[in-house]
Amino acid sequence: SFGHDAGDLVLREAARALKSAGRKSDFACRLGGEEFVMVMPDAGLDILLARAEAVRLAIKEISVSYGGTHLGPISISIGVACYPQHGNTLEALGRAADAALYRAKANGRDCVVAA
């Protein structure tokens, strides 16, 4: 609706929220489009869910204006997968997180769903 530059601004703000919710050992990467992955070594499901919720709340608080226009509320859907509960390979964890993400999106609001 607002163009690529406005979208890039929102993505930068989302990346800041991901970074601020992480630990020193964590890292976030943009997969493409508006999808990110956050890798959190040695984190159990309870930590993953707490960090995901912190990211969700941080994203909800973002207020972005572009060209004098407020871009409106920003929401996020998050799928969480934990090793080894949801998979024991990178591919299996990716599929589990992706499936959880699509379930979160199906809820029609910003939310966190575990695999």
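Here are some numbered notes on the pockets, surface, salt bridges and backbone of this predicted model.

1. Ground rules. Since this is a predicted model, local features need pLDDT of at least 70, side-chain atom pairs count only at pLDDT 80 or more, and totals for chains, interfaces and linings use all residues. Residues are numbered from 1 along each chain as its sequence is written, and side-chain values use heavy atoms, with hydrogens and water left out.

2. The largest pocket. Its volume comes to about 1,300 Å³, and 41 residues line it. Phe36, Val37, Met38, Ile78 and Gly79 lie nearest its centre. A pocket here is an open set of points on a 1 Å grid over the protein atoms alone, where a 1.4 Å probe fits, with protein on both sides within 12 Å along at least five of seven lines; lining residues have an atom within 4 Å of a point. Grid points are joined across faces, edges and corners, and the volume is the space filled by probe spheres set on the points.

3. What builds that lining. Two or more residues each come from α1 (4-21), β2 (35-39), α2 (45-60), β5 (77-80) and α3 (90-106). Helices (H or I, at least four residues) and strands (E, at least two) are DSSP runs, numbered from the N terminus. By residue class, the lining of the largest pocket has 27 nonpolar, seven polar and seven charged members.

4. Six of the lining residues of the second largest pocket are nonpolar and four are polar, with no charged ones.

5. A nonpolar patch. Phe27, Leu31, Val37 and Val39 make a nonpolar surface patch of about 340 Å², with β1 (27-32) and β2 each giving two or more residues. Patch residues have over 30% relative accessible area and no salt bridge; nonpolar side chains (Val, Leu, Ile, Met, Phe, Trp, Tyr) are joined within 5 Å. The areas come from the Shrake-Rupley method with a 1.4 Å probe, and for residues only the protein chains shown count as cover. Val37 is worth a look: this β2 residue is partly exposed at 32% relative accessible area, and Val37 is also listed among those nearest the centre of the largest pocket. On the exposure words, buried means under 20% relative accessible area, exposed over 50%, and partly exposed in between (1.4 Å probe, protein chains only).

6. Salt bridges. The count is four, taking a side-chain nitrogen of Lys or Arg within 4 Å of a carboxyl oxygen of Asp or Glu. One of them pairs Glu13 with Arg16 at 2.5 Å, N to O; both sit in helix α1, three residues apart, about one turn of the helix. Glu13 is partly exposed, at 26%. Another joins Arg23 to Asp26 at 2.7 Å, N to O. Arg23 in that pair is partly exposed at 24%, whereas Asp26 is buried at 10%.

7. A bridge across the sequence. Lys105 and Glu35 meet in a salt bridge at 4.0 Å, N to O. Lys105 belongs to helix α3 and Glu35 to strand β2, so this pair ties together parts that are 70 residues apart in sequence. Lys105 is partly exposed at 37%, and Glu35 is partly exposed too, at 25%.

8. Backbone spots to check. Most residues other than glycine have a negative phi, and most peptide bonds are trans. The Tyr83 to Pro84 peptide bond is cis, with omega near 0°, and Pro84 sits in the loop between β5 and α3. Asp42 has a positive phi, near 60°; Asp42 lies in the loop between β2 and α2 and is exposed at 79% relative accessibility.

9. Two loop glycines. Gly33, in the loop between β1 and β2, is partly exposed at 44%. Gly72, in the loop between β4 (69-70) and β5, is buried at 15%.

Technical notes:
Nonpolar A, V, L, I, M, F, W, Y, C, P; charged D, E, K, R; others polar. Patch = residues over 30% accessible without salt bridge, like charges linked within 9 Å, V, L, I, M, F, W, Y side chains within 5 Å.
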